[in-house]
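This report covers helix packing, aromatic pairs and backbone angles in one predicted model.

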Amino acid sequence: MKKPLLAVKDIVQITGITGRTLHYYDRIDLFKPTHLTEKGYRLYDRSSLEKLQTILFLKEVDFSLKEIADILKLTRQEQKQILKKQSQTLLSKKQRLETIMVALDEYVSGNDISHLQIFNGSSVLPLKEQYANEARFIYGETETYKEFNETLEKLSPDEKEERFQFMEEIFKQIASRIDQDPSSDEVQRLIEEWKKNLMQFMTCDEELLACIAHTYKFDSRFKNYFNQYGNEDLADFLYCAIMHNINR
C-alpha cells in the first residue's frame, strides 16, 4: 500500500529536485509541507506534490519565484491569461536567440562584426549606427563630414546599398592583387576608383585620404573588416597603396 504522505527524500526521488531546494521553498513560503512530525521532519500529501510540479513548470517557462508565488494565488483563468503573454515573451526570446546564433556562426566563419545583425532588436544600437554616431561625434563639426552627411541623406536605401556593394567589390579586387606591389598600375587604378567613389560623398583632400588610410591600418575593426576579403595583410596593403597614391 502506498504511503499517504511523502517525505523529503520521496519528493526528491519523484521530482529530481534537491532537499535544499525544498527547504528553501519552505523558508520563503512558496511550498510548505503539509505536516511536520514531532521530530520536525517535513511531510507532503499528494495534492501538494501537484502544486510543486506546477511551481517547477512555471520556473521552467522562465517565471521568477516571486512571480510564481503571485501566479499561484490567481484563478485558473487568470493564470491562463498570464501564460499566454509568457508564450509571446518566450517566442520573442526564441527569435532573438536564433538571431544571436546566426550571428555567432557568421562570426566564427570569418565574417566581420560590422556585417552582423547581432544588435538588431536589442537596446544596443546596430553596429552601423554606432559607427555613424562615432563619426558624427569625432568629425561632426567639420565641413567635410557635413558635406558627406548631406550627400548621404539624399540617397535612397537602394542607392546607399549600391554604393556599399561597389566599395566591397573594389576591396575584393584589391585583395586579389595583394601579391603585386601597392604602387603597381593595376592596384593604383583600383585606388583611383575607390577615391572616385568617395568623392561622390565628400571632398577628399590629401589630409583626409591619409586619415582614412591610417584608420584602415590601425583601427582593429577595419583590419578585421578587410580580413574577410583577403588575409591579415590587406589593411596594411591598402594603407601603402593609398599613401603611394597621395605621394606620387
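In helix α1, residues I11, I14 and T15 meet L49, L52 and L56 of helix α3, where contact means heavy atoms within 4.5 Å. Sorted by class, this contact of α1 with α3 has five nonpolar residues, one polar and no charged. Ala, Val, Leu, Ile, Met, Phe, Trp, Tyr, Cys and Pro count as nonpolar, Asp, Glu, Lys and Arg as charged, and the others, Gly among them, as polar. Helices (H or I, at least four residues) and strands (E, at least two) are DSSP runs, numbered from the N terminus.

The model is predicted; local features need pLDDT of at least 70 and side-chain atom pairs count only at pLDDT 80 or more, while totals for chains, interfaces and linings use all residues. Residues are numbered from 1 along each chain as its sequence is written, and side-chain values use heavy atoms, with hydrogens and water left out.

Two packed helices are described by the angle between their axes and the distance between the axes. The axes are lines fitted to C-alpha atoms, for helices over the stretch in contact, and the angles run from 0 to 180 degrees between N-to-C directions. The table gives both helix pairs.

| Helix pair | Axes come within | Crossing angle |
|---|---|---|
| α1 (residues 8–15) and α3 (residues 46–60) | 12 Å | roughly 45° |
| α9 (residues 185–199) and α10 (residues 206–218) | 13 Å | roughly 115° |

The axes of α1 and α3 cross at roughly 45°, which makes α1 oblique to α3. The axes of α9 and α10 cross at roughly 115°, and α9 is therefore roughly perpendicular to α10. Angles under 35 degrees count as roughly parallel, over 145 as roughly antiparallel, 65 to 115 as roughly perpendicular and the rest as oblique. α1 passes α3 in a right-handed crossing, and α9 passes α10 in a right-handed crossing. A crossing is right-handed if the near helix is turned clockwise from the far one by less than a right angle, and left-handed if anticlockwise.

On the α9 side, W194, K195 and L198 meet L209, I212 and Y216 in α10. By class, the contact of α9 with α10 has five nonpolar residues, one charged and no polar.

The structure holds two aromatic pairs. Rings of Phe, Tyr and Trp (its six-membered ring) pair if their centres lie within 6.5 Å; planes under 30 degrees apart count as stacked, over 60 as edge-to-face and the rest as tilted. The ring centres of Y24 and Y25 are 6.5 Å apart and the planes lie at 50°, so this pair is tilted. Y24 is partly exposed at 35% relative accessibility, whereas Y25 is buried at 3%. Buried means under 20% relative accessible area, exposed over 50%, and partly exposed in between (1.4 Å probe, protein chains only).

F31 and Y44 form a stacked pair, 5.2 Å centre to centre with 5° between the planes.

D62, in the loop between α3 and α4 (65–71), has a positive phi of about 80° and is partly exposed at 40%.

The chain comes to twelve helices and three strands, and buried residues make up 29% of its 248 residues.
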